[in-house]
Amino acid sequence: MVLLLGGVGLVVVIALVVLMGGGNKDGDGGAASSTTKPAAAPTVATPAPAGKQGKAPTRPAPALAADMAQNARDLLAEAKTLSNEGVQARTAGNNELARQKQSAASDKCEAIKAMTATNWAWLEEAELEGWTMPGEYVDLGKLYTDLLNLENRIRKGGGTR
């Protein structure tokens with residue numbers, strides 16, 4: 001009886017391993033697949049962003065320089081990195097370092113807001129009024145969505161100004 005139950009248990013375990021994908025699907029022994037790295041994706045030029053259709057704006061959009069938009073993206077990436085480092089520090093028990101990292105991330109967010117204040121004001125009005133927007137402003141809106149979400153995480157993570 002014990003041997004019968006042990007055999008059934010072994011069959012169940014093997015079936016679970018096979019069903020859960022524990023086996024090697026390539027059939028090459030796994031040696032080559034664990035040492036090779038996937039090929040890098042080819043770099044493709046990003047097409048100009050599509051604008052948003054709507055009513056004609058009552059005032060023209062302020063110029064949004066490509067280098068300013070890229071600088072804002074770079075600052076946002078730095079802020080995300082600092083915020084993530086702050087979370088890791090808090091998880092490790094270093095609350096003082098966590099606050100410093102979150103505060104530095106908050107400073108980067110404030111720099112983005114200061115740099116794009118005029119553009120942001122026009123974008124808010126355009127969204128509220130349903131105006132037609134150039135593609136750069138659609139991208140700026142996405143950047144601001146990410147920025148506001150990050151600011152919320154920073155605030156909850158102990159960031160101060």
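Visitor: Where is leucine 143 placed?
Guide: Leucine 143 lies in helix 6, residues 135-156. A helix here is a DSSP run of H or I with at least four residues, numbered from the N terminus. This is a predicted model: local features need pLDDT of at least 70, side-chain atom pairs count only at pLDDT 80 or more, and totals for chains, interfaces and linings use all residues. Residues are numbered from 1 along each chain as its sequence is written, and side-chain values use heavy atoms, leaving out hydrogens and water.

Visitor: Why is leucine 143 called buried?
Guide: Its relative accessible area is 9%. Buried means under 20%, exposed over 50%, partly exposed in between (1.4 Å probe, protein chains only). So leucine 143 is buried.

Visitor: Which residues does leucine 143 touch, not counting those up to four places away in sequence?
Guide: Ala72, Arg73, Leu76 and Ile112. Contact means heavy atoms within 4.5 Å.

Visitor: What makes helix 5 and helix 6 roughly perpendicular?
Guide: They pack at an angle of about 100 degrees, axes 10 Å apart. Axes are lines fitted to C-alpha atoms, for helices over the stretch in contact, and angles run from 0 to 180 degrees between N-to-C directions. Under 35 degrees is roughly parallel, over 145 roughly antiparallel, 65 to 115 roughly perpendicular, the rest oblique. Therefore helix 5 and helix 6 are roughly perpendicular.

Visitor: Is glutamine 102 buried or exposed?
Guide: Glutamine 102 sits in helix 4, residues 95-115. Its relative accessibility is 1%, so glutamine 102 counts as buried.

Key:
Helix = DSSP H or I, 4+ residues; strand = E, 2+ residues; numbered from the N terminus.
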